[in-house]
Amino acid sequence: MAKEFKLTAERLEELKKELNYLKTVREKEVADQIKEARSFGDLSENSEYDEAKNEQGKLYSRIAEVENVLANYVIIEEDESNDTAHMGCTIVVKDIDTGDEESYQMVGSQEADPMNGRISEESLFGRALLGHREGEKISYEAPVGTIRYEILKISR
C-alpha cells in the first residue's frame with residue numbers, strides 16, 4: 001500500500017497549481033532549452049545540452065513526486081475539540097529547562113517547516129505532543145538528550 005500524505009486543504013491547492021505549472025509552462029521551457037542546445041551542434045561535447053537534459057530529469061522527477069502525493073493524500077480534518085494536541089492545531093509550549101515559549105502548528109510531513117513553526121506529526125516532537133492536553137508535561141529523546149516541554153495552550 002502506498003504511503004498516505006496528510007495535507008491541509010491549502011497545501012493540496014498549492015500542489016495542484018504547482019503540477020499544472022510544471023506540466024505546462026516549465027515543461028515547455030525545458031523543451032525549448034533542449035531544442036536550442038541541440039542547435040549548437042555535436043551533442044557529445046555540448047554542455048548546454050547536458051545541462052538541459054539534467055534539468056528535464058529534475059522536472060520529470062518533481063512531476064512524479066507531486067503526482068504521487070496527489071494520488072495518495074488525505075486531507076487533515078479540523079478537530080472540533082481544542083483539548084488535545086492533534087493534526088491542524090496550533091500548540092504553544094514552554095521548554096521546561098530554558099523557560100522559552102514557542103508556538104507550533106501540527107501539519108503533515110509534506111508541509112513540515114520547523115524553522116517556521118510547522119512540525120510534522122511524524123517527527124519525534126510531533127509524536128510526543130499528539131493526544132496530550134494543556135498543562136501536561138511531555139518529554140522525548142532527541143539526539144541531544146531528553147527534551148522536556150509543558151503544553152501551555154492548544155488552539156485551532
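Which residues does E111 touch, not counting residues up to four places away in sequence? The list is K6, L7, T8, R11, I76 and R118, where contact means heavy atoms within 4.5 Å. This is a predicted model, in which local features need pLDDT of at least 70 and side-chain atom pairs count only at pLDDT 80 or more, while totals for chains, interfaces and linings use all residues. Residues are numbered from 1 along each chain as its sequence is written, and side-chain values use heavy atoms, with hydrogens and water left out.

View 1. E111 counts as buried because its relative accessibility is 8%; buried means under 20% relative accessible area, exposed over 50%, and partly exposed in between, with a 1.4 Å probe and protein chains only. Among the residues that E111 touches are K6, L7 and R118. Helices (H or I, at least four residues) and strands (E, at least two) are DSSP runs, numbered from the N terminus.

**View 2. The open sheet of five strands.** The strand order is β5-β4-β3-β7-β6, and the pairing is mixed; two strands pair if DSSP finds at least two bridges between them. β5 (118-120) and β6 (137-142) are the edge strands, each with a single partner strand, so one side of each has no neighbour in the sheet. From one strand to the next, the twist averages 45°. Axes are lines fitted to C-alpha atoms, for helices over the stretch in contact, and angles run from 0 to 180 degrees between N-to-C directions.

**View 3. The hairpin of β3 and β4.** Strand β3 (residues 90-95) pairs with strand β4 (residues 101-107) in the antiparallel sense over five bridges, and I91 stands opposite Y104 in β4. Five residues lie between the two strands, and G99 takes a positive phi near 85°. The covered face of β3 carries I91, V93 and D95, whereas T90, V92 and K94 are on the uncovered one.

**View 4. Further strand pairs in the sheet.** β4 and β5 run parallel and are joined by three bridges, with S120 in β5 as the bridge partner of V107. β3 and β7 run antiparallel and are joined by six bridges; here D95 stands opposite Y149 in β7. β6 pairs with strand β7 (residues 145-155) in the antiparallel sense, also over six bridges, and E141 stands opposite T146 in β7.

View 5. The 25 residues of helix α2 (residues 47-71) should span 36 Å at 1.5 Å a residue, and the end C-alpha atoms are 36 Å apart, which agrees; the expected span is 1.5 Å times one less than the number of residues. Buried residues of α2 are Y49, A52, Q56, L59, I63, V66, V69 and L70. Their cover includes β1 (5-7), α1 (9-38) and β2 (73-75). The axes of α1 and α2 come within 9 Å and cross at roughly 160°. The two helices are therefore roughly antiparallel to each other; angles under 35 degrees count as roughly parallel, over 145 as roughly antiparallel, 65 to 115 as roughly perpendicular and the rest as oblique. α1 passes α2 in a left-handed crossing, meaning that the near helix is turned anticlockwise from the far one by less than a right angle.
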